Amino acid sequence: MVNEGAGGPRSRRGSHKVVPSSDQDGTGAERATGEVPCPSNGTVEVEHIISTKLQLKKKAEHLKADLMRQLDTQVNEFMDSLIEESASLVSSHVSTVFPLSDKEKSKLRHTRPPQGQSKQFVIRRSLLDDLFEVNHIRTIYHMFIALLILFIFSTLVVDFIDEGRLVLEFDLLVYAFGQFPLVVVTWMCMFLSTLVVPYILLSVWASVYPTSNHRALWTVLAGSLLLLYQGLCLGFLPTYVVLKNGLPPASCFILILEQVRLIMKAHSFIRENVPRVQYLERSKTNSLAVPQFTQYIYFLFAPTLIYRDNYPRNPCIRWGYVATMVLCVFNSILPGVLVLFLAFFAFLHCWLNAFAEMLRFGDRMFYKDWWNSTSFANYYRTWNVVVHDWLYYYVYRDFLWMTQKRFRAAAMLVVFTVSAVVHEYVLAICFGFFYPVLFCIFMCFGMVFNFILNDRRKGPIWNVIMWTALFLGQGVLICLYSQEWYAQRFCPIQEPSFIDLLKPRSWTCSP
């Protein structure tokens, strides 16, 4: 038999070829010495082996990718089922503490949406924190830090060569945050009023509601006072201060974004606690209906817009992590980085994580992997989870609840309209002019892409299309709003009419 210790490729592959006929004629010296004669087609054999190995490598890579996708899917399904089971355990525990009859449960269903479908908070890290544990992704992050250092160094060198000194001017920063003391005073008024008024209104209403014979009257009265407060103190006051004093852009954004945030916080606090008061009154229990004041204070600072009495919290504050997050804000300010990335990394990741760490707020799911979206429907759900949760629970679901789940398309339209109006309101007040580019993109292209690029689109090409649309949209916004900003500054109208306020100045302004 042929020597098995030979290292030839045919012996390793287990070739089944017959030995040449010369061996059968008695001339078996080659076999006696353990050597195998080299076949005439040796080159073809080696090429065949190499091609086979390449095919096996490709199959292994495809198998690895399939296994990773299956593992990721299974892990996500497992975590979702675990969260649902924990929620069901909580709801079952509540049902054992407050047993209700079938008739009472039926009445309760008509007073509020089922609590089993409410948002569940769990302790989890932000997605980028997990991704930064991967060496390859962290290396990319380090590359951006290196670029920032080189940019700062090059700027200092150019200033020194051109001016003969280091030019440390902060004129733009001082202008953008102009009249900052007025901003602080106005914000304090907004925050203190939000801290006091909604809580007192809820406490008074909750104390009167169970024993009153005019519950509807008290409810309407408390609701009217709440709307009056939100309209005057949170609605009119910051807008009047911004317009009356002509605040610069950064100061405007501070007040207007805080205005929107506090309105959404107050709504969530009232929306979550009014059904609980009604629930406890129907079940005839003596449990505390109104949350503690400290719980409300924590909610006002917590990086979420969904109220809960208690949130999962970490055991301690990592101040080193907070400092790292503050530095990340500055590291993200790179020349040429799109506003999309800057807003995402600086606010949704750094700012919210810093507040979450200081408050030991455990659930850090402020965003999901929106960059992997193959549909705009998924992008809208994952880009800003904090705002999406508020819109989903207090606009979309409440609309379906009031219409008995008959108009899902109308509910989606209402969500888009509310989001578009609020975004356009913020930009109009902060920029000082009305130019509804973002509103049109939301209501036209956003709605169309939401139905065309839906969750059934799974291929990589759809992710490319989504990114292309995002880049084009951001470019259009920056271009048009910049043109209108400079047109408003360099082509002023002394006594503008109402039509002049609505018509874009950049359409008629000529340099």
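Me: What do the buried residues of α19 pack against?
Reply: They pack against α8 (171-176), α11 (249-282), α14 (339-358), α15 (376-382), α17 (408-431) and α18 (437-452). A contact requires heavy atoms within 4.5 Å. The model is a predicted one, in which local features need pLDDT of at least 70, side-chain atom pairs count only at pLDDT 80 or more, and totals for chains, interfaces and linings use all residues. Residues are numbered from 1 along each chain as its sequence is written, and side-chain values use heavy atoms, with hydrogens and water left out.

Me: Which residues of α19 are buried, and what makes a residue count as buried?
Reply: A residue is buried at under 20% relative accessible area, exposed at over 50% and partly exposed in between, with a 1.4 Å probe and protein chains only. In α19 the buried residues are N463, M466, W467, L470, Q474, L477, Y481, E484, W485, A487 and Q488. For the protein chain, 35% of the 511 residues count as buried.

Me: How do you know that the span of helix α19 agrees with its number of residues?
Reply: A helix is a DSSP run of H or I of at least four residues, a strand is a run of E of at least two, and both are numbered from the N terminus. The expected span is 1.5 Å times one less than the number of residues. Helix α19 (residues 460-490) has 31 residues and should therefore span 45 Å; its end C-alpha atoms are 45 Å apart, which agrees. The protein chain has 20 helices and zero strands.

Me: How many residues does α14 have, and which of them are buried?
Reply: α14 has 20 residues, and its first and last C-alpha atoms are 27 Å apart, close to the expected 28 Å. Its buried residues include L340, F344, F345, H349 and E357. Just after α14, R360 has a positive phi of about 55 degrees.

Me: Why is I263 called partly exposed?
Reply: The relative accessible area of I263 is 28%, so I263 is partly exposed. I263 lies in helix α11. Not counting residues up to four places away in sequence, I263 touches Q230 and L234. M190 is 73 residues from I263 in sequence, with a C-alpha to C-alpha distance of 9.9 Å.

Me: Is Q404 buried or exposed, and where does Q404 lie?
Reply: Q404 is exposed because its relative accessible area is 61%. Q404 is found in the loop between α16 (385-402) and α17. Its phi is positive, about 55 degrees, although Q404 is not a glycine.

Me: Why is Q179 called partly exposed?
Reply: With a relative accessible area of 37%, Q179 is therefore partly exposed. Q179 is in the loop between α8 and α9 (180-208), and phi of Q179 is near 55 degrees, a positive value in a residue other than glycine.

Me: What makes a space a cavity, and how many cavities of 30 Å³ or more are there?
Reply: On a 1 Å grid over the protein atoms alone, a cavity is a set of points where a 1.4 Å probe fits but cannot get out, and lining residues have an atom within 4 Å of a point. Points are joined across faces, edges and corners, and the volume is the space filled by probe spheres set on them. The count is two cavities of 30 Å³ or more. The second largest cavity has a volume of about 70 Å³, and its lining includes K119, F121, D363 and D389.

Conventions: On a 1 Å grid over the protein atoms alone, a cavity is a set of points where a 1.4 Å probe fits but cannot get out, and a pocket is an open set with protein on both sides within 12 Å along at least five of seven lines; lining residues have an atom within 4 Å of a point.
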